[in-house]
Amino acid sequence: MDTVEVVVIGGGQAGLSSAYHLRRRGFAPGPGFVVLDHAPHPGGAWQFRWPTLSYGAVHGLHPLPGTALPDAEAQRPSSEVLRAYFARYEETFDLPVRRPVDVRAVRPAADGRLLVESDAGAWRTRAVVNATGTWERPFWPRVPGQSGFAGAQVHTRHYPGPGAFSGRRVVVVGGGTSAVQHLLEIAGTAAETTWVTRRPPRFREEAFDAAAGRRAVALVADRVRRGLPPRSVVSVTGLPMTEEMRRARERGVLDRLPMFDRMTANGVVWDDGRFVEADAVVWATGFRPVLDHLAPLRLREPGGGIRLEGTRAVRDARVHLVGSGPSASTIGADRAGREAAVELAGALAPSGDARQDVRQTVRPSAGTRLGSG
């Protein structure tokens with residue numbers, strides 16, 4: 001069993017941001033902190049994105065702290081570009097990432113520390129920064145008759161690209177950015193597409209400035225402060241209207257239907273009698289935070305969420321949550337990682353082997369590019 005000051009769980013944008021800021025505030029790689037990542041390679045959830053999601057089509061991407069985004073061709077797969085970017089980042093800043101490590105539980109230890117249990121061993125630690133994101137927990141709505149549908153059902157988590165739906169009648173379910181991206185792609189190859197959302201989508205024509213971003217994050221953060229499960233930021237911000245989306249709307253691709261009430265072997269049905277034949281259903285219905293490993297700490301409120309003060313869990317000050325809820329965006333993850341590191345540096349004040357001379361920390365400037373991959 002290893003003993004460290006801080007264990008960061010998750011090696012995506014939020015986890016690497018937290019690790020970067022822990023180094024800058026004097027925590028030495030190894031005895032000061034370690035990053036445990038469930039994924040097989042660097043890149044966070046980006047490494048799993050569908051192959052047709054190009055680097056130029058990614059919305060709201062923000063660089064990891066201390067660097068600039070890769071200067072890569074817009075048509076290259078985002079998974080390829082960002083996997084290489086994350087790998088170089090870990091190497092440049094000498095971040096101690098161990099993978100693949102499946103964290104199974106975090107529980108109180110007898111000496112007042114926390115015990116992080118995994119398939120690769122256990123760590124005793126004074127604090128945990130949880131940056132596990134949502135990718136590993138796709139949300140599948142349950143609809144009567146769903147198990148009897150004879151066609152294909154696929155979630156965004158395993159979306160294969162539009163080629164798999166060539167010549168087929170496809171229903172796309174979901175009101176977020178991924179649903180629209182899937183719909184626009186599939187409409188170019190499918191025999192027919194139908195878009196279904198639970199609530200009417202709200203398209204945003206106006207510019208989304210910093211003030212609007214802060215207001216959106218504040219609304220999500222308010223739910224977290226009240227101990228409620230967070231909603232997605234896009235549910236507050238709306239969908240940014242692009243020229244491609246305008247053309248699709250003119251062609252009727254973005255004509256939306258409300259959520260169907262049940263499924264049959266060969267389609268979907270509404271209680272008013274409407275029926276749409278379908279060969280495939282794409283569930284672009286989002287994800288839920290990966291938090292089951294924190295269950296032994298009993299952090300949840302009666303409302304179902306984990307109440308936070310900043311990034312710190314109200315029920316256990318040793319635990320910080322970054323990269324979900326109000327910090328689910330890439331820029332939000334960076335800010336939350338910094339906030340958690342600042343608070344932990346003040347609370348733990350590492351000494352001895354756990355402390356490094358911050359003057360020796362590798363710190364390229366904010367404009368440093370780590371290559372295009």
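**Strand pairing and helix packing in the predicted model**

The bridge partner of Leu115 in strand E6 is Arg124. Helices (H or I, at least four residues) and strands (E, at least two residues) are DSSP runs, numbered from the N terminus, and two strands are said to pair if DSSP finds at least two bridges between them. The structure is a predicted model, in which local features need pLDDT of at least 70 and side-chain atom pairs count only at pLDDT 80 or more, while totals for chains, interfaces and linings use all residues. Residues are numbered from 1 along each chain as its sequence is written, and side-chain values use heavy atoms, with hydrogens and water left out.

The protein contains seven helices and 19 strands. Of its 373 residues, 49% are buried, where buried means under 20% relative accessible area, exposed means over 50%, and partly exposed lies in between (1.4 Å probe, protein chains only). Among contacts (heavy atoms within 4.5 Å) with a separation of 6 or more, 69% are made by residues 24 or more positions apart.

Five bridges join strand E4 (residues 103-108) to E5, and the two run antiparallel. In this pairing Arg107 stands opposite Leu115. Five residues lie between the strands in the hairpin of E4 and E5, and one of these strands' hairpin residues, Gly112, has a positive phi near 90°. E5 and E6 are also joined by five bridges and run antiparallel, but here the hairpin passes through two residues. Because four of the five residues of E5 are buried, E5 is largely enclosed by the rest of the structure.

Helix H7 covers residues 330-348, 19 residues in total, and reaches 27 Å from its first C-alpha to its last. This is close to the 27 Å expected at 1.5 Å a residue, the expected span being 1.5 Å times one less than the number of residues. The buried residues of H7 include Thr330, Ala333, Gly337, Ala341 and Leu344. An α-helix has 3.6 residues a turn, so residues three or four places apart point the same way. The buried residues of H7 pack against strand E1 (2-9), helix H1 (13-24), strand E6 (121-130) and strand E19 (316-321). After H7 comes Ala349, whose phi is positive, near 45°.

H1 and H7 pack at an angle of about 35°, with their axes 8 Å apart. Axes are lines fitted to C-alpha atoms, for helices over the stretch in contact, and angles run from 0 to 180 degrees between N-to-C directions. H1 passes H7 in a right-handed crossing; a crossing is right-handed if the near helix is turned clockwise from the far one by less than a right angle, and left-handed if anticlockwise. On the H1 side, the residues that meet H7 are Gln13, Ala14, Ser17, Ser18, His21 and Leu22. Their counterparts in H7 are Thr330, Ala333, Asp334, Gly337, Arg338, Ala341 and Leu344.

An open sheet is formed by three strands in the order E13-E14-E15, with antiparallel pairing. Its edge strands, E13 (262-264) and E15 (275-277), each pair on one side only. Neighbouring strands of this sheet are turned by 20° against each other on average, direction ignored. Strand E14 (residues 267-269) pairs with E15 over three bridges, and Val269 stands opposite Phe275 of E15.

Several loop residues were also examined. The peptide bond from Arg99 to Pro100 is cis, with omega near -15°, and Pro100 lies in the loop between strand E3 (97-98) and E4. Asp94 is partly exposed, with a relative accessible area of 47%. Arg298 likewise has a positive phi, of about 55°, although it is not a glycine; this residue is found in the loop between strand E16 (280-283) and strand E17 (308-309). With a relative accessible area of 69%, Arg298 is exposed.

Gly148 is located in the loop between E6 and strand E7 (152-155) and counts as partly exposed at 44% relative accessibility. The C-alpha atoms of Gly148 and Met263 are separated by 7.6 Å, although the two residues are 115 residues apart along the chain. Leaving aside neighbours within four places in sequence, Gly148 is in contact with Thr264 and Ala265.
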